[in-house]
Every structure is written in C-alpha cells, then in structure tokens.
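Subject: Structure handover

Hello,

Here is the structure for you to look at. My notes on it follow below.

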Amino acid sequence: MKENFSAQPRDSLGSVVAGIDVGGTFTDLILIDGKDAGKVHIAKTPTTVENQAFGVVSALGATGFAVDGIDLIVHGTTTTTNAVLERRLARTGMITTLGFRDVIELGRRTRPQPYGMTGTFVPVIPRDLRLEVAERVEASGAVRVPLDEAGMRDAVQRLLDAGCESLVIHFLHSYANPAHERRAAEIARGIWPKGYITTGHALLSEAREFERGVTASVNASVQPILERYVERLRKELA
C-alpha cells in the first residue's frame, strides 16, 4: 500500500526523512520530502519474519525513493520484544556473587505462589548457566570480600565452553560500588570473543538485585539478536 499527500511546509524541512516501524505483521513507513514542499509518502508492506530487513527495503522501494536519496532514516522495531516474548534468545550466561545465583529466579512476592515449590516462572538465564565467584560488596559500598580473579577467569571460560554467546556480570550491591563488576568485565573482555558483555550497574545503577539482574539478563539475551538484524539491514541498504 502506498499513499502520498502534501503537508504544510516548515522551515525545518529541507531534507528527505523516513520513519520506519517494523512490527510482527506489517512494516510501516512514512517519508517526508523536505525538498518538495514537505510532501508525505506512506507505505505499508508485510513484515518478512525470516529477515526483517527485506520488509524495510520493500517499504522504502514502495515510496519510489532510492536509499541514497534519503538523508535520514529513523527506525523502530519489535525485534527484541518479540524475541523475549517468544523466548528466541541468544544463549546467555551469568556470573554473580557467591551464594546469589538464584536471585533472578526467586524474584519477588508478586508471583501467584511466592512460597510454592512449583510455578510457571522461567528465568531468562537457566540455572546451569548462572555461575558464582567469591566477592562481596556491602550496601555501603565497602568491600568485604575481594574479587576472586582466578575464579572469574575460570567461570568465563566455563560459560564459553557451554556455548554462551552473551555474558552478564551481576554482583551484589554494585550500584553502591561497581569496582568489582568493572574489573570482572575487564577480565571477561580478555577472554570473551565478542563484545556481548553486560554489567548490571551500567544499566540500572540502583538497589534491588532482582530488578537489576533481570534488566541485565534481558539486555544481554537480545543484544546479539539486535546486532545481527542491524547488520543485515545495513547490508540490504548498502
């Protein structure tokens, strides 16, 4: 589907700008031609699930504009949202403080059966991919137990051997003092083949270990998926 009509020209217009939203069913595009009195072009094409970049290129093609004639593309996508909902995630491992690997599974009392032995909640990272290392930072930020750097290296290698593509480093009270998480990330970067390393404090530097851990876990689990999509899109637009 394609439509076009004229919008009121504005002083800010003067470039060709496209806005694209890739949903689960349709890919929607609006293009404003600032070089033609703000003329607006609208296109809707089916989303190509196997490679969403194809749907984006199809929508752009429906406007009649060549990619190199567009000055700016603003892009939104449900790629990562769908990946989380459908649990089609990158294999991700977590390294956390000794004794706390079950924090993201225990959650909070908002569950239907907070004290039951069974339930339906499934954490983003399975238990066998959540490893522990000795370290401890208190809520005040004081270091109680230094980071076991040898243990950290061993844990990173074990997760690599387990086929993990992405890594979460989630230590207790890192919001108060992120030194251990930062050092652990340095160690991991010397071993991990790609840059898919997420530290909890960098995303949500505040109290509450469950919320910070889940935020970091989701980020790490979708990071490779989104990067692959962006790379495919870049190639199709080249």
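In what order do the four strands form the open sheet? The order is S7-S6-S10-S11, and the pairing is parallel. Strands are DSSP runs of E with at least two residues, helices are runs of H or I with at least four, and both are numbered from the N terminus. Two strands pair if DSSP finds at least two bridges between them.

This is a predicted model, where local features need pLDDT of at least 70 and side-chain atom pairs count only at pLDDT 80 or more, while totals for chains, interfaces and linings use all residues. Residues are numbered from 1 along each chain as its sequence is written, and side-chain values use heavy atoms, with hydrogens and water left out.

Strands S7 (130-133) and S11 (197-199) are at the edges; each has a single partner strand, so one side of each lacks a neighbour in the sheet. S10 (residues 166-170) pairs with S11 over three bridges in the parallel sense, and Leu 167 is opposite Ile 197 in S11.

Helix H7 (residues 209-237) lies across S6 (92-97), S10 and S11. Contact means heavy atoms within 4.5 Å. In H7, Tyr 229, Arg 232, Leu 233, Glu 236 and Leu 237 meet residues of H1, including Phe 54 and Leu 60.

Glu 231 also sits in helix H7. Glu 231 is partly exposed, at 36% relative accessible area (buried is under 20%, exposed over 50%, partly exposed in between, with a 1.4 Å probe and protein chains only). Its C-alpha is 9.3 Å from that of Ala 53, although 178 residues separate Glu 231 and Ala 53 in sequence.

Regards

Terms used:
Axes fitted to C-alpha atoms, helices over the stretch in contact; angles between N-to-C directions.
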